Amino acid sequence: MDRLVVVDSDTLLYSTAAASEQRSVEVLHKPSGVCKSFANKTEFKKLMKEKGKEITDDYELTEKQEPEPIEHCLYSIKVQAENILERYAFDTVVFVAGDDANFRLDLLLPSRYKSNRSSTLRPVHLKEAHKYFSNKYKAVRGFQAEADDLVLTTASQGIAEGREVIVLSPDKDSRGFIGVKLGKYDTEESNLVLVQDMHEVQHSKEKGTKSYGVPWLCIQALTGDPSDFYKPTQLAGVKYGEVSAYKDLKDCKTPKECLEVVVRKYREWYPEDFVYTAWNGEQVESNWKHMLQLYWSCLKMKEREDDPLSAEEFFSKYGVDLE
């Protein structure tokens with residue numbers, strides 16, 4: 001049976017569309033009418049800090065985009081896609097790109113899922129890039145879930161059929177896709193990582209706390225994800241980051257031990273029943289188990305279309321009882 005290669009193409013499209021434009025920040029000092037251009041907000045903030053000046057409402061920042069011709073962007077996308085198809089010419093390649101009606105946006109989190117992206121400037125050519133990619137490479141799109149969910153659902157089906165499955169994805173969520181061989185778009189086959197249940201937890205100043213399989217899911221369950229705008233300790237009022245997660249998980253030898261750390265921390269953070277206000281104003285009755293399930297639904301991708309993402313079911317699989 002031929003191999004199945006599933007390509008999470010969202011980053012490919014976004015990064016290529018972003019690289020196909022020049023961005024700058026125009027800063028207007030309203031009292032004087034003086035307007036200056038900077039490469040980005042960081043450059044402006046650095047200058048103000050060096051001058052010992054505070055950034056007040058007197059400064060109006062406007063982000064500018066100057067895109068290259070759309071043909072440049074689409075050609076670059078084609079080259080990357082064709083390279084993947086050439087490298088896996090004897091395999092079945094499925095491209096996944098885009099999503100719609102993501103159910104996680106309705107989760108009753110204290111801060112709405114991915115709401116930090118609402119003001120993010122998207123590349124000018126991104127929409128056209130998705131349209132082109134979908135038409136030319138028959139890319140499939142996630143519905144009522146994320147592209148990452150569809151990647152794992154497709155991969156899991158391949159594994160169930162007894163096929164060797166390769167996932168090409170730079171997305172951090174894919175590190176929890178147990179059973180696949182994982183790499184980025186240009187990773188050589190010899191460097192693909194077979195994601196197993198248990199992997200060593202590593203930490204460095206440059207890369208933070210990293211792992212694969214169950215330990216990686218536990219890292220996410222403990223620290224959250226700033227890019228998706230969820231943090232499990234938000235309502236607990238405690239500081240807990242990647243270094244803390246590393247210290248708590250580094251000596252674990254089995255998936256069960258990792259998951260027991262997660263349970264212990266959630267019980268510690270939320271020792272009693274409580275009520276909190278969700279992002280939509282709704283009052284939610286909660287406890288440690290409810291909070292674990294809530295954040296588990298954020299981080300765990302679906303293995304099948306009707307996957308309820310039950311934390312209780314997953315933990316029980318490895319011998320950890322949530323009762």
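Which hand does the crossing of helix 1 and helix 3 have? It is right-handed. By that I mean that the near helix is turned clockwise from the far one; a left-handed crossing has the near helix turned anticlockwise from the far one by less than a right angle.

A word on what we are looking at. This is a predicted model, in which local features need pLDDT of at least 70 and side-chain atom pairs count only at pLDDT 80 or more, while totals for chains, interfaces and linings use all residues. Residues are numbered from 1 along each chain as its sequence is written, and side-chain values use heavy atoms, with hydrogens and water left out.

Back to the helices. Helices are DSSP runs of H or I with at least four residues, strands are runs of E with at least two, and both are numbered from the N terminus. Two packed helices are described by the angle between their axes and the distance between the axes. Helix 1 covers residues 10-19 and helix 3 covers residues 70-87. Their axes come within 9 Å and cross at roughly 145°. Axes here are lines fitted to C-alpha atoms, for helices over the stretch in contact, with angles from 0 to 180 degrees between N-to-C directions.

Who makes the contact? Helix 1 brings Leu-12, Leu-13, Thr-16 and Ala-17. Helix 3 brings Cys-73, Ser-76, Ile-77, Gln-80 and Ile-84. Contact means heavy atoms within 4.5 Å. These residues divide into 6 nonpolar, 3 polar and no charged. Nonpolar covers Ala, Val, Leu, Ile, Met, Phe, Trp, Tyr, Cys and Pro; charged covers Asp, Glu, Lys and Arg; the others, Gly among them, are polar.

Next, the cores. A nonpolar core is a set of buried Ala, Val, Leu, Ile, Met, Phe, Trp, Tyr and Cys residues joined through side-chain atoms within 4.5 Å. Buried means under 20% relative accessible area, exposed over 50%, partly exposed in between, with a 1.4 Å probe and protein chains only. The largest core has 42 residues, and Leu-249, Tyr-266 and Phe-315 touch the most other members. Elements giving it two or more residues include helix 8 (255-269) and strand 12 (274-277). Helix 9 gives the largest share, 8 residues. Take Tyr-266. Beyond its neighbours within four places in sequence, its contacts include Pro-232, Trp-288 and Tyr-295. There is also a second, separate core of 24 residues, with Cys-73 and Leu-126 among them.

Now charges. Side chains of opposite charge can pair when their charged atoms come close. A salt bridge is a side-chain nitrogen of Lys or Arg within 4 Å of a carboxyl oxygen of Asp or Glu. The count comes to 19. One of them joins Lys-114 and Asp-228, with N and O 4.0 Å apart. The two are 114 residues apart in the chain. Both are buried. Another joins Arg-163 and Glu-161 at 3.5 Å. Arg-163 is buried at 15%; Glu-161 is partly exposed at 39%. Asp-306 is exposed, at 58%. Shared partners also join Arg-104, Lys-114, Arg-117, Glu-146, Asp-149 and Asp-228 into one network.

Last, two backbone points. Ala-101 is not a glycine, yet its phi is positive, about 55°. Ala-101 sits in the loop between strand 5 and helix 4. Leu-309 also has a positive phi, near 55°. Its place is the loop between helix 9 and helix 10. Is Leu-309 buried or exposed? Leu-309 is buried, at 4%.
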